[in-house]
Amino acid sequence: MRDVELDIMSRPPEHNTTNLDLDRMNLMLDVLGHPEESFRVIHVTGTNGKGSTARMAEAICRAYGMRTGLYTSPHLEKVNERIAIDGQQLSDDDFIDAWDQIKDLVALVDRKMEEQGKPRMSFFEVLTAMAIWKFADAPVDVAIVEVGMGGAWDATNVLDADAAIIGPVDMDHMKWLGNTVEEIATEKAGIIKPDCTAVIGPQPHEEAVMPIIEAAAERNHAKLVRDGYEMEVVSRMPAVGGQVATLSTPLGTYTEVPIAKFGEHQAHNALSALAACEAVIPVSGALDGDIVAEALSSVRIPGRIEQIRTSPTIIVDGGHNVNAAESLRAAIEENYHFEQLVGVIAMMEDKQVEEYLGVLEPVLSQVVVTENSWRDRVMSADDLERIAVGVFGRDRVIKEPELPDAIQTAVNLVDEADELGVGYGHGVLICGSFVTAGDAREMLKEHASPVMAKAMSIHQPVVEPDDGDADEDGDADVLGGLFGGEERPSAGTDASAGTDTADKAE
């Protein structure tokens with residue numbers, strides 16, 4: 001499995017100026033015999049909320065008895081996470097088998113492209129081809145497919161959506177998608193295909209974005225279902241483990257639906273997922289409210305405002321832009337009552353770092369700035385510290401370049417302030433990047449690997465702890481308890497070539 005992963009992930013990234021076309025994917029589907037024509041498609045894009053919306057739509061379709069395929073990105077810990085059938089990610093054997101079945105065809109496409117002076121297939125294109133092949137081979141009734149980035153030139157856009165979901169469009173990935181929301185909206189509107197149902201989530205820049213989306217829908221004779229118009233979140237209230245919402249769609253009203261995620265944005269994601277499912281599930285009229293409730297109450301979304309520990313409370317969130325920070329802050333303020341919340345933050349250097357930190361500043365007591373395992377793109381702890389000091393002030397910022405040490409420091413701060421030792425009102429928020437969230441989840445697993453080095457191996461090479469670093473004084477290591485009492489390696493080593501670029505198409 002590791003060899004296959006490295007083989008795929010060592011390929012070029014898909015987001016560069018030399019391959020903004022679908023030539024490789026179209027040729028790949030030609031040589032595969034167009035397997036994508038054998039199933040319905042829900043295609044999901046947007047600046048934020050794609051993964052959550054896709055998982056919710058998949059859960060509803062599966063609850064209705066449809067066989068589902070789910071394709072999402074990035075993965076948090078292991079590449080298999082990206083492809084799931086009937087709610088189960090591919091096993092190592094299935095993933096290897098999928099690669100074995102298409103690798104010769106990938107080589108054929110690569111040769112054809114090289115003959116034309118074009119790039120060979122990117123890692124994301126290869127993974128997308130594997131997903132499509134597995135979905136057809138299963139076979140699935142419907143594939144719920146998350147766009148990697150943008151829409152028009154994304155590898156997934158060789159699919160013709162039956163329902164195209166466009167979530168909130170905001171500023172992100174400007175290097176590739178454009179420097180205005182209008183340019184970004186144009187890219188994302190590229191997933192609207194002829195005669196599909198276009199489900200449009202709430203738009204923070206509605207006046208600029210909606211004319212572009214509506215024009216794309218008109219060109220393609222698509223049916224528009226817009227949040228706040230043809231569909232709406234009628235009401236919502238927080239509940240244990242999430243919220244309860246009443247959702248209205250073109251086909252009916254679903255009252256008091258339990259949604260197993262925090263935040264108003266997740267209610268709107270559920271609404272979009274529900275409207276898309278109405279377009280692809282073969283029933284007449286509204287869906288069964290009990291089935292919808294059962295599906296949405298069971299959805300688990302790793303790395304999205306995910307509480308992974310109690311005593312102290314530890315939350316991880318992979319959002320990395322201003323809109324995601326606003327949703328995160330609102331969910332924390334609505335659902336938690338922290339007297340003290342310490343942030344552990346590592347971000348990519350191409351993000352709106354100062355603006356992101358500014359949104360979270362009111363809810364964070366202190367921040368520990370650090371780095372994650374994607375060494376090629378992560379902002380250095382020194383640079384992040386400088387920006388954080390400008391936002392939080394010198395006395396609220398601590399620098400710990402290694403993520404395990406940063407988590408350790410945050411836990412220590414929380415424990416010192418928790419006089420009763422019960423954890424209530426004290427927490428740690430690990431955020432800033434899906435890479436950061438994935439690293440932290442792997443480190444803090446309940447079933448931590450026997451050696452921490454193995455637990456981190458998906459992002460970093462195994463590093464044996466230096467005997468000289470052993471705690472000869474016998475001081476207790478708080479993270480030792482969190483990690484099951486095992487030794488921790490240094491997190492400062494660079495990741496294997498290709499694996500990190502592989503890993504995170506943020």
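Predicted model: local features only at pLDDT ≥ 70, side-chain atom pairs only at ≥ 80, totals over all residues.
Local features were taken only where pLDDT is at least 70 and side-chain atom pairs only at pLDDT 80 or more, whereas totals for chains, interfaces and linings use all residues. Residues are numbered from 1 along each chain as its sequence is written, and side-chain values use heavy atoms, with hydrogens and water left out.

The protein chain contains 18 helices and 17 strands, assigned as DSSP runs (helices, H or I, at least four residues; strands, E, at least two) and numbered from the N terminus. Of its 506 residues, 58% are buried, that is, under 20% relative accessible area with a 1.4 Å probe and protein chains only, exposed being over 50% and partly exposed in between. Among contacts (heavy atoms within 4.5 Å) between residues at least 6 apart in sequence, 76% join residues at least 24 apart.

Two packed helices are described by the angle between their axes and the distance between the axes. Here the axes are lines fitted to C-alpha atoms over the stretch in contact, and angles run from 0 to 180 degrees between N-to-C directions. Helix 1 (residues 2-9) packs against helix 4 (residues 92-115) at an angle of about 50°, the axes lying 10 Å apart. Helix 1 is therefore oblique to helix 4, given that angles under 35 degrees count as roughly parallel, over 145 as roughly antiparallel, 65 to 115 as roughly perpendicular and the rest as oblique. The crossing of these two helices is left-handed, meaning that the near helix is turned anticlockwise from the far one by less than a right angle. Val4, Asp7 and Ile8 of helix 1 make the contact with Phe95, Ile96 and Trp99 of helix 4. By class, this contact has five nonpolar, no polar and one charged residues, where Ala, Val, Leu, Ile, Met, Phe, Trp, Tyr, Cys and Pro count as nonpolar, Asp, Glu, Lys and Arg as charged, and the others, Gly among them, as polar.

The axes of helix 14 (residues 403-417) and helix 15 (residues 434-443) come within 11 Å and cross at roughly 75°, so the two helices are roughly perpendicular to each other. Leu403, Pro404 and Ile407 of helix 14 meet Thr436, Asp439, Ala440 and Met443 of helix 15. The contact of helix 14 with helix 15 has five nonpolar, one polar and one charged residues.

The whole structure has zero disulfides, defined as pairs of cysteine sulfur atoms within 2.5 Å. For Cys61, the closest cysteine sulfur is that of Cys277, at 3.7 Å, which is too far for a bond. Cys61 is buried at 0% relative accessibility, and Cys277 is likewise buried, with a relative accessible area of 0%.
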